Amino acid sequence: MTVTTQQALASTETYQQMAQAIAFMRQHQRNQPDLAAIAAHVHLSPSHLQKCFTQWAGISPKRFGQYLTLEYAKTRIQETQNLLALTQEAGLSSPGRLHDLFVNLVAMSPGEYKQGGKHLRIHYGSHDTPFGSCLIATTERGICNLQFLDMPEAATHSEIVRTQLAQAWPQAELILAPQMTQAVSNRLFAPFDNPSPSRALSLHVKGTNFQIQVWRALLQIPPGGITTYQDLAQRLGRPTAARAVGNAVGQNPLAYLIPCHRVLRSSGELGGYRWGLTRKAALVGWEAGQTENDPDSL
């Protein structure tokens, strides 16, 4: 996907229409609504919805709907579990291939954590993505915050975002610099093609030791893969700590990059997601579509 095409799809309006379609498909999943019914719900013609949805997701609405079923989720959970187990037995650091974006997680030291970001300069900006507007914030050591924004007025982004960053990094110097964070945004949501270690993204996060362990474990889940809170707890050697793992997953400061959206309930249901269940379904289905015809994928 070229940057031009990606930018065309990365609009708030496009995502809102796709989100409405996905929410409708989830709500009426048992009845398996046809294209005409979905199109009528989002006030588009069937042909236009088919075209827009396929451009956005890489697959048709019908195929996408199949990825939202409990049966698909349970199958994918088992496949991911088997792959992760084989990877662990072979002593490999990650399943199949490395994380497509070659993410390197750098944890803040305990001293830096206590200082609340003192001496740090954080550049931030909000950008359109295929999943709505998002905040991206970076330090000189890496991306420190990425969250989706659901606010009606773009003009309010800066004020609200600055408040959120100030709460997380009270002693840091905050600098609005969307021109600096745009380059990061351009790289995040391209299809999974031609990854390169030379294009590695560093993540600069602060958290407890347990949270960092959970976030590192999330990075092992391959694109298109799905795991459960219980499986994640077992991989960490804490089989009775599924609830604590869930809490750590929920505190993830980096949407998408640390892929907490790939963790579901054991039943195959989506579970929670701090940026909304419709967006979680969109991310899961979109990734499944991206990896559908990829021979190196799960």
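His119 counts as exposed in this predicted model, because its relative accessibility is 69% and the cut-off for exposed is over 50%. His119 sits in the loop between α7 (110–115) and β2 (121–129). Its backbone also stands out. Most residues other than glycine have a negative phi. His119 is not a glycine, yet its phi is positive, at about 75 degrees.

Gln32 gives a second case. The phi of Gln32 is near 45 degrees, a positive value in a residue other than glycine. Gln32 too lies in a loop, the one between α2 (12–27) and α3 (35–41). Its relative accessibility is 66%, so Gln32 counts as exposed.

Two packed helices are described by the angle between their axes and the distance between the axes. The partner of α2 is helix α13 (residues 277–291). The two axes come within 9 Å and cross at roughly 95 degrees. Angles of 65 to 115 degrees count as roughly perpendicular, so α2 is roughly perpendicular to α13.

Residues from both helices build this contact. On the α2 side are Tyr15, Ala19, Ile22, Ala23 and Arg26. They meet Leu277, Thr278, Arg279, Ala281 and Ala282 in α13. By class, the contact of α2 with α13 divides into 7 nonpolar residues, 1 polar residue and 2 charged residues. Arg26 of α2 and Arg279 of α13 belong to the charged class, because Arg counts as charged. Thr278 of α13 falls in the polar class.

Technical notes
Residues are numbered from 1 along each chain as its sequence is written. This is a predicted model: local features need pLDDT of at least 70, side-chain atom pairs count only at pLDDT 80 or more; totals for chains, interfaces and linings use all residues. Side-chain values use heavy atoms; hydrogens and water are left out. Helices (H or I, at least four residues) and strands (E, at least two) are DSSP runs, numbered from the N terminus. Buried means under 20% relative accessible area, exposed over 50%, partly exposed in between (1.4 Å probe, protein chains only). Axes are lines fitted to C-alpha atoms, for helices over the stretch in contact, and angles run from 0 to 180 degrees between N-to-C directions. Angles under 35 degrees count as roughly parallel, over 145 as roughly antiparallel, 65 to 115 as roughly perpendicular and the rest as oblique. Contact means heavy atoms within 4.5 Å.
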